[in-house]
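The sequence and structure are shown first.

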Amino acid sequence: MRFCALIPELSVRDLDRSKGFYVGLLGFRVEYGRAEDKFLFLSLGEAQIMLEEVNGHWDTGVLDYPLGRGVNFQISVDDLEPILCRLNQACVPLFREPRVSSYRVGDEFVREREFLVQDPDGYLLHFSQEMP
C-alpha cells in the first residue's frame, strides 16, 4: 500500500460507530487497524483517512461537538450515487444537498457534482465527482 503525503487522523468518540458510518455507509475499506489503540486506517479510492478513538494524546483543547470546526475534507470519487443511496436509506441528513458547481482553476473551469455530510462526530465531509 502506498501512503498519501497528507493523511488526516480524526479523533472520534466511538470507533465502532465511526467504522459503521465510514465503512458501512460511505464505502471506505479498512486497510488495517490496531484494536489495542482503537485505531483504523481507511481508504476510498485514492483517499486515505485514519480514525482513532479519543485517548488524550492529541487533544489541543476541549473536544466539543461538532469536532473539526473550521475544516472540511474533500473526497473525490468516481460516482456519488452509491454513497447518496446508502446515506438516504439510513436516513442520514445531508449538510448540503447534491448540486453541480463550477470552480475556476487557473484559466480554466472545472465542474463537480458535490454534496456535504457530517460524520457521527460532526466532521464535515465534502464528496465530489468530476463532471464533463
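The side chains of S101 and E114 are joined by a polar contact of 2.6 Å. The model is a predicted one, and the distances given here are computed from it. S101 belongs to strand β6. With a relative accessible area of 11%, S101 is buried, because the cut-off for burial is under 20%. Apart from residues up to four places away in sequence, S101 touches V110, R111, E112 and E114.

## Helix α1

Helix α1 covers residues 15–25, and its buried residues are L15, S18, F21, Y22 and L25. Viewed down the axis of α1, these buried residues fall within an arc of 160 degrees, so they line one face of the helix. Their packing partners are the strands β1 (9–12), β3 (39–44), β4 (47–53), β7 (108–118) and β8 (124–131), together with helix α2 (81–89).

At the start of α1, a side-chain oxygen of D14 comes to within 3.1 Å of the backbone nitrogen of D16. Just after α1, G27 adopts a positive phi of about 90 degrees.

V23 is also located in helix α1. Its relative accessibility is 27%, so V23 counts as partly exposed. Leaving aside neighbours within four places in sequence, V23 is in contact with F28, V30 and L42. The C-alpha atom of V23 is separated by 18 Å from that of S128, a residue 105 positions away along the chain.

## Helix α2

Within α2, the residues I83, L84 and L87 are buried. Seen down the axis of α2, its buried residues lie within an arc of 95 degrees, and they therefore line one face of the helix. They pack against α1, β6 (96–105), β7 and β8. The helix is followed by C91, which has a positive phi near 60 degrees.

## Salt bridges

The model contains 6 salt bridges. One of them joins the side chains of R113 and E81, with an N to O distance of 2.5 Å. This pair links distant parts of the chain, since R113 is in strand β7 and E81 is in helix α2, 32 residues apart. R113 is partly exposed at 22% relative accessibility, and E81 is likewise classed as partly exposed, at 35%.

Also among the salt bridges is the pair R29 and E31, whose side chains meet at 2.4 Å, N to O. R29 is exposed, with a relative accessible area of 52%, whereas E31 is partly exposed at 26%. A further salt bridge is formed by the side chains of D37 and R34, at 3.0 Å from N to O. D37 counts as partly exposed at 34% relative accessibility, and R34 is partly exposed with a relative accessible area of 31%.

## A nonpolar surface patch

M1, F3 and Y32 make a nonpolar surface patch of about 310 Å². Of these residues, Y32 lies in strand β2, which spans residues 29–34. Y32 counts as partly exposed, at 30% relative accessibility.

Conventions:
Residues numbered from 1 in each chain as written. Predicted model: local features only at pLDDT ≥ 70, side-chain atom pairs only at ≥ 80, totals over all residues. Heavy atoms only, no water. Buried < 20%, exposed > 50% of the residue type's maximum accessible area, 1.4 Å probe, protein only. Helix = DSSP H or I, 4+ residues; strand = E, 2+ residues; numbered from the N terminus. Arc of directions from axis to C-beta. Contact = heavy atoms within 4.5 Å. Polar contact = N/O pair within 3.5 Å; in protein donor to acceptor, adjacent residues only side chain to side chain. Patch = residues over 30% accessible without salt bridge, like charges linked within 9 Å, V, L, I, M, F, W, Y side chains within 5 Å. Areas by Shrake-Rupley, 256 points an atom, 1.4 Å probe, with all protein chains shown as cover. Salt bridge = Lys/Arg side-chain N within 4 Å of Asp/Glu carboxyl O.
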